[in-house]
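Have a look at it first, and then we'll go through it piece by piece.

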Amino acid sequence: MSYELSHLRELEAESIHIMREVAAEFENPALMFSGGKDSIVMLRLAEKAFAPAKIPYPMLHVDTGHNFKEVIDFRDKRAADLGVRLIVASVQDTIDAGRVTEETGARASRNRLQTTTLLEAIEEHRFDALFGGARRDEEKSRAKERVYSFRDDFGQWDPKGQRPELWNLYNGRIKMGEHIRVFPISNWTELDIWQYILEDKVEIPSIYKAHKRVVFERDGMLLAENEFTERMEGEEPYEELVRYRTVGDITITGAVESDADTIEKIIEEVAATRQTERGATRADDRVSEAAMEDRKKEGYF
Amino acid sequence: MSEILRFATAGSVDDGKSTLIGRLLYDSKSIFEDQLDAVGKASEKRGMEMDLSLVTDGLRAEREQGITIDVAYRYFATPKRKFIIADTPGHIQYTRNMVTGASTADLALILVDARNGVIEQSRRHSFIASLLRIPHIVVCVNKMDLVDYSEEAFEKVKEEFREFAMRLDVPDLSFIPVSALKGDNVVDKSDAMPWYEGPSLLTHLETVHTASDRNMVDVRFPVQYVIRPMSDEYHDYRGYAGTVAGGVMKPGDDVVVLPSGFESTIKSIDTIDGPIEEAFAPMAVTVRLNDEIDISRGDMICRPNNQPVVTQDVDAMICWMDETASLQPRKKYAIKQTTRAARIMVKDINYRLDINTLHRDEDATEISLNEIGRISFRSTLPLFIDEYRRNRETGSFVLIDEATNSTVAAGMILGESAG
């Protein structure tokens with residue numbers, strides 16, 4: 001008899017352990033759900049952690065208003081099926097209330113504005129722990145972030161003042177107003193996520209699979225023709241067979257040319273690809289070498 | 001063979017650690033083009049050719065200063081295994097980061113410069129690996145290209161290291177001659193060292209046998225969370241959720257619950273896909289018992305004939321991690337051990353260890369940042385402990401400063417102390 005777990009089952013066990021730990025030690029956690037594959041897997045892990053009981057915390061979606069319809073439908077269906085409360089924090093509301101100013105021009109994005117909306121939601125609902133679906137293989141500042149990532153009163157991350165984190169003993173002690181961002185799938189890679197989706201038959205929004213879409217090219221990325229983005233001169237829309245490797249705000253998330261219309265084909269594609277998913281498809285991470293680190297310090301996801 | 005291998009490396013830029021990791025990722029095709037582009041641009045800025053050590057750069061401050069400050073986790077996979085690297089800085093002022101990276105590692109990769117032999121830093125890293133009970137140590141004798149790939153130079157380092165390691169507790173020790181810069185014996189076997197008959201580093205990492213590293217003998221199930229759906233369908237369901245910390249659990253097994261001492265038998269071991277036949281470390285499962293017993297978080301389920309020590313008086317090795325205050329006798333802290341939380345008071349510092357010389361200073365009155373020592377303490381509640389060398393899960397703990405909420409110490413239990 002061999003007592004060995006496959007790598008996916010070992011990762012799964014680690015994530016479930018973290019999710020239960022948070023449920024046991026925090027008063028008011030929430031699970032940040034974007035409709036992306038990572039948060040979908042995270043939600044599935046939460047379902048497993050507490051079965052046959054319901055997930056004991058709500059889902060929180062920070063909604064830029066610039067969505068893929070398929071993703072919003074998916075979000076609503078998943079919340080209804082699980083019987084989990086869905087809280088939507090709207091960037092539009094934050095803009096309407098005059099607490100942030102919308103960027104203008106063809107390259108306008110609500111990416112950075114999300115931070116304000118998120119921090120307001122945390123304050124309003126008094127969340128003390130927020131699950132995020134970030135992975136350490138995604139980006140270099142994430143590679144250094146703890147599973148329990150401490151945030152001060154202003155939601156700020158202090159990369160140099162992080163708490164040591166040893167074994168599977170997590171320190172969740174905070175003072176009033178502070179909170180912890182919890183990353184239960186820190187140790188998963190993009191390929192692990194896809195293999196898990198395949199093995200566990202996890203449902204995902206259709207836009208991850210190859211489909212025909214009207215796109216235009218900008219900075220080497222394929223952006224979907226959409227009502228929120230002004231095209232610039234020379235950006236001619238055309239139809240292409242594409243799929244999304246990441247799902248975010250429609251104005252900054254690029255599609256990749258692909259005919260991978262099944263999970264198996266997607267895995268083949270991911271295994272063979274020579275570009276990181278963020279490098280290939282996210283305008284928000286291209287700004288500078290430390291773009292993510294700077295945003296995280298301000299309280300970004 | 002376990003599919004995941006977690007390994008820790010420690011070192012500074014000078015000894016080629018970042019270059020070695022960069023090489024491992026590069027030659028195993030685990031670096032993406034856009035990452036490589038970024039490294040190329042950064043190398044150019046510094047007037048260098050492709051500098052693979054830049055692959056592992058993380059934070060802005062680290063890039064600016066050209067040093068590694070914190071633990072970075074990196075991932076790569078081959079068809080045989082998935083690897084998680086805890087990449088830690090090597091300097092003595094970052095001992096706590098090394099200890100952190102070592103706490104979950106199956107294997108430690110230690111770099112020795114073939115020209116310099118075993119130096120203070122190699123000794124320190126080996127000691128930390130043995131203190132944290134990393135079962136496998138691989139010594140990469142690096143920069144072999146600078147000693148003409150000489151077998152004699154390699155053997156000399158090996159001899160020196162073995163002699164020193166005899167004083168440590170290292171179950172499995174291997175040596176590999178490499179050149180991280182040139183790629184010799186990192187992924188592919190090198191033609192430059194025909195006298196070396198062992199595997200390349202990657203082959204070694206892919207095949208090292210870790211199956212017997214986990215404790216599959218002593219059943220330990222720290223209760224993490226009680227699942228009570230209170231729905232119509234599962235009206236009376238009461239499951240104890242947790243991660244198996246040792247041994248193999250099966251339905252029908254006799255169990256005892258600590259601290260109450262009540263006995264029962266396992267009714268079922270549940271997962272979302274239904275009940276399973278057995279559970280072992282590190283599975284996260286939900287256990288139901290045949291008797292209604294009051295059980296809550298922090299309790300432990302084990303076998304009546306194989307129980308951990310239940311005590312409030314503990315002897316332990318600790319590594320101090322806080323820069324603002326030191327550990328002193330009579331100070332009080334919060335403790336987290338398995339899923340159990342309590343408070344402790346330090347009774348005594350037995351000694352402070354010089355981690356370079358292993359000299360024990362028995363007159364020490366405090367243990368400060370990055371220092372390691374042996375202490376005894378008393379806790380407010382009984383703890384269920386095993387010796388750390390027998391079980392890393394039930395033998396480890398962290399101390400937390402109750403005023404600042406900082407994690408101030410990592411602890412490895414030696415046993416029960418005389419009360």
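## Ground rules

Let's start with contact: two residues touch if their C-beta atoms, placed from the backbone, lie within 7 Å. This is a predicted model, where local features need pLDDT of at least 70 and side-chain atom pairs count only at pLDDT 80 or more, while totals for chains, interfaces and linings use all residues. Residues are numbered from 1 along each chain as its sequence is written, with chains lettered from A and ligands numbered from 1 in the order in which they are written.

Leaving aside residues up to four places away in sequence, L31(A) touches M42(A), L43(A), A46(A), Y57(A), M59(A), L60(A) and F131(A).

L31(A) also shows up in the largest nonpolar core, which has 181 residues; along with A108(B), L31(A) has the most contacts inside it. A core here is a set of buried Ala, Val, Leu, Ile, Met, Phe, Trp, Tyr and Cys residues joined through C-beta atoms within 7 Å. Buried means that 20 or more other C-beta atoms lie within 10 Å of a residue's own (exposed is 12 or fewer, partly exposed is in between), with C-beta atoms placed from the backbone.

## Where the chains meet

How many residues does the contact take from chain A and from chain B? It's 48 from chain A and 54 from chain B. On the side of chain A that touches chain B, α1 (7-25) and α2 of chain A each supply at least two residues, and α1(A) gives the largest share, nine residues. Helices (H or I, at least four residues) and strands (E, at least two) are DSSP runs, numbered from the N terminus.

That side of chain A divides into 19 nonpolar, 12 polar and 17 charged residues. For this tally, Ala, Val, Leu, Ile, Met, Phe, Trp, Tyr, Cys and Pro count as nonpolar, Asp, Glu, Lys and Arg as charged, and the others, Gly among them, as polar.

## Two domains in chain A

Chain A is split into domain 1 (7-192 + 290-298) and domain 2 (202-285), with bounds from an automatic or database domain assignment. Their C-alpha centres lie 23 Å apart. The contact takes 24 residues from domain 1 of chain A and 22 residues from domain 2 of chain A.

## Strands in chain B

Over in chain B, β17 (residues 309-320) and β21 (residues 372-385) pair in the antiparallel sense over 10 bridges; pairing needs at least two bridges found by DSSP. I318(B) has G373(B) in β21(B) as its bridge partner.
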